[in-house]
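Q: I would like to learn how to read a protein model, feature by feature. Can we go through one together?
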Amino acid sequence: MRIVSGIQPTGNLHLGNYLGAIRNWVAMQDEWTAKGGECFYFLADLHAISMPHDPKALGENTREMTAALVACGIDPDKSTLFNQTQVPAHAELQWLLNGTARVGWLNRMTQWKDKAGKNRDGQSVALFTYPVLQAADVLIYQATHVPVGEDQKQHLELARDIAQKFNNDFCAADAPLFVLPEPIIPPAAARIMSLRDGTNKMSKSDPSDMSRINLTDDADAIMGKIKKAKSDADALPSEAEGLEGRPEARNLVGIYAAMSGQSVAQILADFGGKGFGAFKPALGELLVEQLAPINARFNELRQDREALNAILRKGAEKARAASAPTLAATYDALGLVR
């Protein structure tokens, strides 16, 4: 059993990143390694260059994301944690699979249509072909399972199509080269919204720092942001139905539920009928308590460039060793002389 998953390196990590993705990675690591499985988690820095980017920021963000993952619980001794660039097999296999992938398949990718918009001719070739790199990311490790959200199901289906066609075209019927990875649908991740507008997702791109809880925020900053978070004048309801039409109230209750492990019903049983003057301090204290260890470890690690480089080098060595047999077999299957 082998899980493979990647995340693009972005700066200004916030509560939404933690509850939306990183916490699920930690849970899968602990569950799968206990059963003898393997987890490969990578920073998708090659994917990042498919869009305009700042080279200096990309390098720093890659290290910062590494610090965040480790601070949140990814253990480099349990999981293989690395960045794509240090494992050339990802890019090599993408090129080899480009001969199998079909333009029609890529044209149907919803994210390509969304990101390219009306100016498709002005987009980079990398943006068009990055689903093939995603396929290479998982096929190079013979991944048995890939965690996917709704927005990535189509890309995993493409990876399976590419693997199946390659096996059919270049392998004996009883000796396929690539494993067809199965999807894992993680438990419903909390959808964390802006503290200033409950109808928009919490985002690093929001110009207001008050809209988000950053993983770098100290206790005073967290309490201040929660106390000033947008809410309404009504008391909290006793049942979840009472949150309809109240996006800010729903968001704050949802954050409490995600951080405490309680259901919305349990929280409203405790706070129903009370105003935000009572609820916000309780939420702030919960966040401070749970995020303080992550914050301390994150701030410690992000200052230690050499330690982060060492973590990525160690993971890359393991990933290169794991990817080598599949890459060699792919070259052989295609008849390429090396």
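Q: Where is G6 placed?
A: A word on the model to begin with: it is predicted. Now the case you ask about. G6 lies in strand β1.

Q: Is G6 buried, partly exposed or exposed?
A: The idea is to look at relative accessible area: under 20% is buried, over 50% is exposed, and values in between are partly exposed. G6 has 38% relative accessibility, so it counts as partly exposed.

Q: Which residues does G6 touch, leaving out those up to four places away in sequence?
A: Contact means heavy atoms within 4.5 Å. G6 touches W25 and F42. G6 and L43 are 37 residues apart along the chain, and their C-alpha atoms are separated by 5.7 Å.

Q: How many residues of β1 are buried?
A: Read a strand residue by residue, then count. β1 covers residues 2–7, and five of its six residues are buried. Strand β2 is also mostly covered, with five of its six residues buried.

Q: How many bridges join β1 to β2?
A: For paired strands, look at the bridges and at the direction of the strands. Six bridges join β1 to β2, which spans residues 38–43. The two strands run parallel.

Q: What does the chain pass through on the way from β1 to β2?
A: Follow the path from strand to strand. The chain goes from β1 through helix α1, residues 15–34, and on to β2. This β-α-β crossover is right-handed.

Q: Which residue in β2 is the bridge partner of V4?
A: Go down to single residues here. The bridge partner of V4 is F40 in β2. S5 stands opposite Y41, also in β2.

Q: Which residue in β3 does Y41 stand opposite?
A: Now step across to the next strand. Y41 stands opposite L81 in β3, and F42 stands opposite F82 in β3. Strand β3 covers residues 80–83 and pairs with β2 in the parallel sense, over four bridges.

Q: Is M28 buried or exposed?
A: Find its place, then its accessibility. M28 sits in helix α1. Its relative accessible area is 8%, and the limit for buried is under 20%. Therefore M28 is buried.

Q: What is M28 in contact with, apart from neighbours within four places in sequence?
A: List the contacts and see where they fall. M28 is in contact with I3, T33, C39, Y41 and P147. One of these, Y41, is the residue opposite S5 in β2.

Q: Is P55 buried or exposed?
A: Apply the reading used before. P55 is found in helix α3, residues 55–72. Its relative accessible area is 60%, so P55 is exposed.

Q: Where is E289 found?
A: E289 is in helix α12. With 60% relative accessibility, it counts as exposed. Between the C-alpha atoms of E289 and A173 there are 56 Å, and the two residues are 116 apart in sequence.

Q: At what angle do α10 and α12 pack?
A: For two helices, read the angle, the distance between axes and the handedness. Helix α10, residues 247–260, packs against helix α12, residues 276–302, at about 35 degrees. Their axes are 10 Å apart. The crossing of α10 and α12 is left-handed.

Q: Which residues of α10 and α12 meet?
A: On the α10 side they include L252, I255 and Y256. On the α12 side they include F279, L283 and L287. The residues of the whole contact divide into 13 nonpolar, two polar and one charged.

Terms used. Residues numbered from 1 in each chain as written. Predicted model: local features only at pLDDT ≥ 70, side-chain atom pairs only at ≥ 80, totals over all residues. Heavy atoms only, no water. Buried < 20%, exposed > 50% of the residue type's maximum accessible area, 1.4 Å probe, protein only. Pairing = 2+ DSSP bridges. Right-handed = clockwise from strand over helix to strand, strands pointing away. Axes fitted to C-alpha atoms, helices over the stretch in contact; angles between N-to-C directions. Left-handed = near helix turned anticlockwise from the far one by under 90°. Nonpolar A, V, L, I, M, F, W, Y, C, P; charged D, E, K, R; others polar.
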